[in-house]
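Have the sequence and the structure open while you read.

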Amino acid sequence: MKNFKTTFFFLRLPIAISLAGHGLVRLPKLEGFSAWMVKQMEPSILPTSLIIPFSYILPIAEAIIGLLLIGFKINYSLYAGLILMSILIFGSCSIENWGAIEAQLLHSFYLFGLLWFKEKEELIPSKTN
């Protein structure tokens, strides 16, 4: 692919903005977000002692992963995004929030597609003139 870096940047941009946006809008209201998440997770088998710290870490992780996807340590960022989505899917399953799982799976497939696309491109030998 002739302009792989440019194309790959613009393919990463929507998921980067989504993740960074999720995190950045929650950071100013972190306490309220945490209280909301603890309330949402009440039916879960997960102990509150795990949910509270996770509710504070989640927006920070989303913001960092989203910002890193824009252009720094792309492979690690993609893997981190997939791990984060897996954790979120597990939490959503624990409260039977099937609607949230759809969005999380969509993010997961998008991240996987980016990882696959990047690894395929790395396998193609570059042409030198």
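A crossing of two helices is called left-handed if the near helix is turned anticlockwise from the far one by less than a right angle, and right-handed if the turn is clockwise. Keep that in mind for the helix pairs below.

## The overall picture

First things first: this is a predicted model.

Of the 129 residues, 36% count as buried. Among contacts between residues at least 6 apart in sequence, 72% join residues at least 24 apart.

## For helix 1 and helix 3, the angle is about 150 degrees and the axes are 7 Å apart. Angles over 145 degrees count as roughly antiparallel, and therefore helix 1 and helix 3 get that label. Their crossing is left-handed.

Who touches whom here? On the helix 1 side the residues include Arg 12, Ile 15, Ala 16, Leu 19 and Arg 26, and on the helix 3 side they include Leu 58, Pro 59, Glu 62, Ile 65 and Leu 69. By class, this contact has 11 nonpolar, 3 polar and 3 charged residues.

## Helix 3 against helix 4

Helix 3 (residues 48-69) also packs on helix 4 (residues 74-94), at an angle of about 150 degrees and with the axes 9 Å apart. This crossing is left-handed too.

Helix 3 brings Phe 54, Leu 58, Glu 62, Ile 65, Leu 68 and Leu 69 to the contact, and among the residues they meet in helix 4 are Ile 74, Ala 80, Leu 84 and Leu 88. Sorted by class, the contact has 11 nonpolar, 2 polar and 1 charged residues.

## Two salt bridges

How many salt bridges does the structure hold? There are 2. In one of them, Glu 62 pairs with Arg 26, with the closest N and O atoms 3.0 Å apart. That pair ties together distant parts of the chain: Glu 62 sits in helix 3 and Arg 26 in helix 1 (residues 4-26), 36 residues apart.

Are these two partners buried or exposed? The cut-off for buried is under 20% relative accessible area. Glu 62 is buried because its value is 4%, and Arg 26 counts as buried because its value is 18%.

The other bridge joins Lys 39 and Glu 42, where the closest N and O atoms are 3.6 Å apart. Lys 39 and Glu 42 are both exposed.

## Two residues worth a look

Ser 55 lies in helix 3 and counts as buried, because its relative accessibility is 0%. Apart from its neighbours within four places in sequence, Ser 55 is in contact with Leu 30, Phe 33, Ser 34 and Met 37.

Gln 40 belongs to helix 2 (residues 30-40). At 33% relative accessibility, Gln 40 counts as partly exposed. The C-alpha atoms of Gln 40 and Ser 92 are separated by 9.6 Å, although the two residues are 52 residues apart along the chain.

Key: Residues numbered from 1 in each chain as written. Predicted model: local features only at pLDDT ≥ 70, side-chain atom pairs only at ≥ 80, totals over all residues. Heavy atoms only, no water. Axes fitted to C-alpha atoms, helices over the stretch in contact; angles between N-to-C directions. Helix = DSSP H or I, 4+ residues; strand = E, 2+ residues; numbered from the N terminus. Contact = heavy atoms within 4.5 Å. Nonpolar A, V, L, I, M, F, W, Y, C, P; charged D, E, K, R; others polar. Salt bridge = Lys/Arg side-chain N within 4 Å of Asp/Glu carboxyl O. Buried < 20%, exposed > 50% of the residue type's maximum accessible area, 1.4 Å probe, protein only. Parallel < 35°, antiparallel > 145°, perpendicular 65-115°, else oblique.
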